[in-house]
Structures are given as C-alpha cells and as structure tokens.
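Hello,

Here is the structure I promised to pass on. Please have a look at it first, then read the notes below.

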Amino acid sequence: MAHTAACPFDYSEQLEFDPSLAQLMAGGPVSRIRLSYGEAEAWLVTTFDGVRQVTTDPRFSRAAIVGRDYPRMTPEPIVSPESINVMDPPRGTRLRHAAARAFTQSSVKRMTPAIEEVAHRLVDEMVEQGPPADLARALSEPLPNHTICALLDVPDEDRPLMLRRTQQMLTTAPEARQTAAEAKQHLRAYFTALVAERRKDGGSGLITTMAAAEQGEEPLSDDELAVLALTLILSGNDTATCQISNIAYTLLTRPELHERLRRSPEQLPRLLDELLRHIPFRKGVGIPRVALEDVEVEGVLIRAGDYVHVSYLAANRDPKVFVDPDVLDVDRASHPHMTFGWGGHHCVASTLAVAELRTAIGVLFTRLPHLRLAVPAEEVRWDTGTIRRFPLELPVTW
C-alpha cells in the first residue's frame, strides 16, 4: 500500500503555491492522503490527464458519497445530499440543464450592463469616501453578492445575511461545525420559502427561469429548486469574491502586469485567463468521488469503493500541459485550464464569474489607474480559517 500523507491543506502564505501539494505532485501522479475530516483515506490525482479521466469516467461517482462520512477539509460537509454537485448523470443532467439555461453566453451578456452599473457605483462610493479603502469590503464582496442575490430575487435587506451564512459554511475550524450546519440549514429554509413565494407570485429572476421546464422536460420540484439556489448562492459568493481581491493584489504587486494592463486594456481577457490558471484561490481539494469498480489511473490501480480526490490546482500546474507552469506568463499558448472544474461538474456559472471579474478589474483599473497598496505587501492579512485563499482586507490608495 502506498504511503499515506497527512494533508490539512492549510497553507495560507499570500498566493504562493502550497508546498505540500507541490511535494505530492513531485512524488507521482497519484498519491494516498488523509484529510482532516472523514472516515477514510483517499487517493489524490494531480496530473491534468489524470484529473480529466476521473472527472469524465462514469466509474467514478460523486453520488456514492451521499450518506457517508467522506474525507473532506471542513467539519460539516458543505454540499447538501440533494445538491447537483453530488449527482451523477443522467439524474443530475436535468438540474444542470435548468441552471445552465440562466448562464448562457447570451444571458450573461444581457446581465453585464447591470454588473457594470453596480461596479461603477461601488467604485464611486469608494472614491467619495476617499483613500485609503479596503478593496475587499468595497468591491470584492459586494459585487458578486449583489449579482447572485439579484439573480435569485433575494431582497436587498437579506443580502448581507446571505454573504455571512455562505462564509460560515466554508470554515475549516472543528469548533465551527455547529455554526456551519446551522448556516446551511438556514439557507436551505430561506430558499425553500423563496421558491414557494416565486411559484405563487412569479417574477423574472433565476428561480423562475429554472422552474420553467422546456418541452419534454420534467419540471423541477420545490426542493430541487431550493437546493439549486443554495448551490448557486455558495458559488456566487465564492470564486469571484476571492478572485477580485486576488487578481487586484497580483496586479498591484507585479508592476509589469499593472503597466501592461494600463497600456493595453484590450488584453484584459487574456491576462485574466492566465491569472485564473495561476492563482491558487482555494486550498486542497473539493468533493471526492468513489470508484464503482477497479480502475487504473496514471498507472495506479484504484480499487472499487476507494475515495478519489482530484486537484484542479495541481492540474493547472502540470508541466506536461503548461510550459514553466509556475511562471505567470500572459503570452503563453492558449490551453483550457481547470479553475472552474472539468467534466460533468464543471461550474455552470463560470461564464458569470468571468464576466464579473472582467467587469470588476476593468472598471477598477480604468477608473483608478494609479491604484496601489496602502500598506506593504507583507502586511496584508490573509484568510486562514476557510477553504479559500484571499486577503481578509486589501487596503488600497490612489
């Protein structure tokens, strides 16, 4: 049996790549690990090809973790048993299709002016209050939270609570298990009530869109809609929230990138894509799968019943796919990365997240071309209590 590495995956030093993950990658494409919570050990797959195999092979099942104390990084499982994130095809296909209808390229394009309006308003408020400002509180948190809450028809007065509850669910501290469970229960109850209200009153929001089945499709139940809304509020307050701050920090600590964006703003999409590949915006791993039969991955035999985790962070640094993967190279040859997942569980709202990032970074650095950190980079405080990597505060001036 392979050596088992204890992996808390708690590295939080700015945006440097986790050295324990790098060590696992150097040891081979498939490792044996033990996480902080859960009943068992797991395999960890770190190569691009290996991750692609596990995420597309039906012999690896996410649904098989339901009801089990699966290996994970948080004391309370983040995902609900009924969530789209733990459904295998074809059961999950119907829900993914319903959610995906709201996040097509054309749908997100129609949303973008409203996102731009909010971004400009938030920067206006930041400028009016004068420097220094905390970019995390002024822009990174409110923009994604406002966007996803607006899409889900969450009333203005409830939106701060949505942000607080989702943050509580992402904690890794053992003593926070009860708080995380209560946060999940609260959000589930909240969206159950909101779905019932939208069923009765209608509306133009995302819940109404997802509830409208296409011809030949079975409509989603109230429970399915509520869990789907819970999944989307988590996603909406996760990736974009972290990455607005992370990308701004990276640009503000790498003058050559900041200057390149100032000189050539049309390169923002390309720059963002490389930043998304390069920045480790979360820690460790997410939701595992269970092998339904014996399967060989990258020359390693994984037995039926074994848990298997994949690392999208490691796959994004695979030297067989990305030349000099640890280098942030805006001019590298284009190649798909795995920041938004892969296969059947690729993030359905990735188009929205990218639109939010382009808008936030574009508006911020266009409006404030002389933006700079208000404290030395080493004084920026980083999150150490959740599965994410981001600055708790990002003091800036201009």
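First, the ground rules. This is a predicted model, in which local features need pLDDT of at least 70, side-chain atom pairs count only at pLDDT 80 or more, and totals for chains, interfaces and linings use all residues. Residues are numbered from 1 along each chain as its sequence is written, and side-chain values use heavy atoms, with hydrogens and water left out.

Backbone

Most peptide bonds are trans, and most residues other than glycine have a negative phi. Some places here depart from that. The bond from proline 89 to proline 90 is cis, with omega near 0 degrees. Proline 90 sits in the loop between strand 4 (60–61) and helix 3 (91–100). Helices (H or I, at least four residues) and strands (E, at least two) are DSSP runs, numbered from the N terminus. The bond from proline 131 to proline 132 is also cis, with omega near -5 degrees. Proline 132 is in the loop between helix 4 (105–129) and strand 5 (133–134).

Glutamine 14 has a positive phi, near 45 degrees. Its loop runs between strand 1 (4–6) and helix 1 (19–26). Glutamine 14 is partly exposed, at 26% relative accessible area. Aspartate 324 also has a positive phi near 45 degrees. This residue lies in the loop between helix 14 (312–315) and helix 15 (350–367). Aspartate 324 is exposed, at 53%. (Buried is under 20% relative accessible area, exposed over 50%, partly exposed in between; 1.4 Å probe, protein chains only.)

Three strands form an open sheet in the order 5-11-10, paired antiparallel. Strand 5 and strand 10 (372–373) are at the edges with a single partner strand each, so one side of each has no neighbour in the sheet. Pairing requires at least two DSSP bridges between two strands. Strand 5 and strand 11 (residues 395–397) are joined by two. Aspartate 134 has proline 395 as its bridge partner in strand 11.

Cores

A nonpolar core is a set of buried Ala, Val, Leu, Ile, Met, Phe, Trp, Tyr and Cys residues joined through side-chain atoms within 4.5 Å. The largest has 85 residues; Phe103, Leu143, Leu152, Phe191, Leu364 and Phe365 touch the most other members. Helix 15 gives the largest share, nine residues. A second, separate core of 23 residues includes Ile33, Leu44, Val86 and Val290.

Best wishes
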